[in-house]
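Hi everyone, thanks for coming along. I'd like to walk you through one model this morning, so please have a look at the screen.

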Amino acid sequence: MSDADGQPRALSLRHPWTSIRLILTDRRFRYLLVGGINTVLSMALFVALDAWLGTRVPSAVPLVLAWTISVLCVFVVQRAFVFQVSGHLLRDLWRFVLVNAGALGVNLVLLFLAADLFGAPRVPAQLAITVITVIGSYLGNKHYSFSRTSDEPAATDEGQGSTQD
């Protein structure tokens, strides 16, 4: 292999686990990883509930049921693995629920408009809406749900170079 100048590229002797460790120290990556897994599981739960309940219920019913189950599960993982905070369990949970309820509210309105009002298929509409709510949720969780004052231990931002993300 060679670079654009025709010179041989230097082979990286870095062990694969080193690269993985470096990636996992970036909070944004951990958030996307956990959020991605949660989104897939939540979407599967939404699809299963929607198939089970059918069109005899509004689209909000399978969405709210899937959201309730997934938000409680992902709180534990986000708190421990992504934001790595301790203390203030109930405060963090309350704030996390508020941030995610805001995202749910946006989701409900957009899903109602897309699926119930304009007749778009529910599952593709839900996938598109999920992309929109991920960014707001990350910012809300970082700056509100799991934020700490200057005298409280905060999560570290190793590997990011900056805490401004």
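When I say contact or touch, I mean heavy atoms within 4.5 Å. This is a predicted model, where local features need pLDDT of at least 70, side-chain atom pairs count only at pLDDT 80 or more, and totals for chains, interfaces and linings use all residues. Residues are numbered from 1 along each chain as its sequence is written, and side-chain values use heavy atoms, with hydrogens and water left out.

Let's begin with Leu 65, which sits in helix H3, residues 60-82. Helices here are DSSP runs (H or I, at least four residues), numbered from the N terminus. Leaving out residues up to four places away in sequence, Leu 65 touches Leu 49 and Leu 53. Its C-alpha atom is 9.7 Å from that of Ser 42, 23 residues away along the chain. Leu 65 counts as partly exposed because its relative accessibility is 40%; buried means under 20% relative accessible area, exposed over 50%, and partly exposed in between, with a 1.4 Å probe and protein chains only.

Now to the core. A nonpolar core is a set of buried Ala, Val, Leu, Ile, Met, Phe, Trp, Tyr and Cys residues joined through side-chain atoms within 4.5 Å. The largest one has 22 residues, and Phe 46, Phe 83, Phe 96, Leu 111 and Phe 146 touch the most other members. H2, H3, H4 (89-117) and H5 each give two or more residues to this core, and H3 gives the most, with seven. Leu 111 has contacts beyond four places in sequence that include Phe 46, Leu 63 and Ile 129.

Next, the rings. How many aromatic pairs does the structure hold? There are seven, where rings of Phe, Tyr and Trp (its six-membered ring) pair if their centres lie within 6.5 Å; planes under 30 degrees apart count as stacked, over 60 as edge-to-face and the rest as tilted. Phe 75 and Phe 146 are stacked, at 6.0 Å centre to centre with 20 degrees between the planes. That pair links Phe 75 in H3 with Phe 146 in the segment after H5, 71 residues apart. Phe 146 is buried at 4% relative accessible area. Phe 146 also pairs with Phe 96: the centres are 5.7 Å apart and the planes at 45 degrees, so this pair is tilted. Phe 96 lies in H4, so the pair ties together parts 50 residues apart in sequence. To finish, ring pairs join Tyr 31, Phe 75, Phe 83, Phe 96, Tyr 138 and Phe 146 into a cluster.
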